[in-house]
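Please look through the sequence and the model below before reading on.

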Amino acid sequence: PARVTWLRHQIAELDPPARVFYFISLRLSPLCPAWFLNIAAPLTPLSIGQFALGTLVGCTPSSLLAVKAGATLSQLRPGDDVAGAALPSLL
């Protein structure tokens, strides 16, 4: 409850456009767990549209990276060097 109260006050102090960017930065941060944001967001002054936009923009980069990494690793054959063969295509 203390962290939810802290988050509520942090978001309430911001202007509505800044709330979306703050939420996106929380989504991108590896230090703030996604389950906490999912539970705490309804208790903050974020609208459903701001929550949806922040989630879409904040979760897309990590999802794209995971898909690209999986696609690259699926093309490896036994005995291939992961650092040599797969790393350039990940970048």
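Patches are made of residues with over 30% relative accessible area and no salt bridge, like charges being joined within 9 Å and nonpolar side chains (Val, Leu, Ile, Met, Phe, Trp, Tyr) within 5 Å. A salt bridge, in turn, is a side-chain nitrogen of Lys or Arg within 4 Å of a carboxyl oxygen of Asp or Glu, and accessible areas come from the Shrake-Rupley method with a 1.4 Å probe, where for residues only the protein chains shown count as cover. The model is a predicted one, in which local features need pLDDT of at least 70 and side-chain atom pairs count only at pLDDT 80 or more, while totals for chains, interfaces and linings use all residues. Residues are numbered from 1 along each chain as its sequence is written, and side-chain values use heavy atoms, with hydrogens and water left out.

On these terms, Leu53, Leu56 and Val57 make a nonpolar surface patch of about 260 Å². Leu56 belongs to helix α4 and, with a relative accessibility of 56%, counts as exposed; here exposed means over 50% relative accessible area, buried under 20%, and partly exposed in between (1.4 Å probe, protein chains only).

The protein has 5 helices and 0 strands, in the order α-α-α-α-α along the sequence, where helices (H or I, at least four residues) and strands (E, at least two) are DSSP runs numbered from the N terminus. Of the contacts with a separation of 6 or more, 55% are between residues 24 or more positions apart, a contact meaning heavy atoms within 4.5 Å.

Helix α2, residues 16-28, has 13 residues and reaches 19 Å from its first C-alpha to its last, close to the expected 18 Å, the expected span being 1.5 Å times one less than the number of residues. Its buried residues are Arg19, Val20, Phe23, Ile24, Leu26 and Arg27. Seen down the axis of α2, these buried residues fall within an arc of 160°, so they line one face of the helix; the arc is that of the directions from the helix axis to the C-beta atoms. They pack against α1 (2-12), α3 (34-40) and α4 (48-74).

The face of α2 turned away from that buried side carries the exposed residues Pro17 and Phe21. Phe21 has a relative accessibility of 60% and therefore counts as exposed, and its C-alpha atom is separated by 9.6 Å from that of Leu53, 32 residues apart along the chain. Leu53 is also one of the residues that make the nonpolar patch.

In α1, the buried residues are Val4, Leu7 and Ile11. Viewed down the axis of α1, they fall within an arc of 60°, so they line one face of the helix, and what covers them includes α2 and α3.

Which residues does Thr44 touch, not counting residues up to four places away in sequence? Thr44, found in the loop between α3 and α4, touches Leu7, Arg8 and Ile11.
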